[in-house]
Amino acid sequence: MSKNCDRCGKPVPKEDNILNVEALMEDGFTYGFAPRHIACSPSRAQYIRVEPYGQPDERPEYDKRIHVQEGRGKLVEIMERDWTDAYRKHLDLSSTDIWEPASYWRDLY
Ligand SMILES: [Zn+2]
């Protein structure tokens, strides 16, 4: 499993991997996804209300401001709460890396 970002191609440190944040969400599903920097995931990062994140994704199909205008404000509120909670947890547990177990076992053999 490559540890490079599938957007920008640069290495993704575990503390900057959106999958490590998503894995902490109640319905987070990250298995099989390539790592990606948080900032390279604007559709998700827009829901993290912690600096420097939280800026709306400018792509209209993802832009949370458009979701709100279209009557999905409650959903945006829930997403912001869930992503921000997960991100705070992630900061607390920044030693967590969902890819680590695999490399740990590989190194044993
Ligand atoms: Zn990236």
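A nonpolar core is a set of buried Ala, Val, Leu, Ile, Met, Phe, Trp, Tyr and Cys residues joined through C-beta atoms within 7 Å. Here, "buried" means that 20 or more other C-beta atoms lie within 10 Å of a residue's own; "exposed" means 12 or fewer, "partly exposed" is in between, and the C-beta atoms are placed from the backbone. Keep that in mind as we walk through this structure.

First, some ground rules. This is a predicted model, where local features need pLDDT of at least 70 and side-chain atom pairs count only at pLDDT 80 or more, while totals for chains, interfaces and linings use all residues. Residues are numbered from 1 along each chain as its sequence is written.

**The overall layout**

The protein chain has five helices and zero strands, giving the pattern α-α-α-α-α along the sequence. (Helices are DSSP runs of H or I with at least four residues, strands are runs of E with at least two, and both are numbered from the N terminus.) Of the 109 residues, 22% are buried. Two residues are in contact if their C-beta atoms, placed from the backbone, lie within 7 Å. If you take the contacts between residues at least 6 apart in sequence, 51% join residues at least 24 apart.

The predictor's confidence in each residue is called pLDDT and runs from 0 to 100. Its mean for the protein chain is 86, with 83% of the residues at 70 or more. Over residues 101-109 pLDDT stays under 50, and the model has one contact beyond four places in sequence for them.

**The core and helix α4**

Which residues make up the largest nonpolar core? There are 11 in all: I18, L19, V21, L24, I38, A45, Y47, I48, W83, A86 and Y87. Two elements, α1 (18-22) and α4, each give two or more residues to this core. In soluble globular proteins, nonpolar side chains tend to be buried together.

Helix α4 has 20 residues and reaches 29 Å from its first C-alpha to its last, close to the 28 Å expected at 1.5 Å a residue. (That expected span is 1.5 Å times one less than the number of residues.) W83, A86, Y87 and H90 are buried in α4. Why do they line one face of the helix? Seen down the axis of α4, the buried residues fall within an arc of 100 degrees, so they line one face; the arc is that of the directions from the helix axis to the C-beta atoms. What covers them includes α1 and α2. On the other side of α4 you'll find G73, K74, I78, R81 and D92, which are exposed.

**Two residues side by side**

T84 is in helix α4 (residues 73-92), while S41 is in the loop between α1 and α2. T84 counts as partly exposed because it has 17 C-beta neighbours inside 10 Å; S41 counts as buried because it has 21. Leaving aside neighbours within four places in sequence, T84 is in contact with I48, R49 and V50, and S41 touches I18 and R36.

| Pair | Apart in sequence | C-alpha to C-alpha |
|---|---|---|
| T84 and Y53 | 31 residues | 9.7 Å |
| S41 and I18 | 23 residues | 7.2 Å |

**One last detail**

A cis peptide bond joins E51 and P52, with omega about 0 degrees. P52 lies in the loop between α2 (42-45) and α3.
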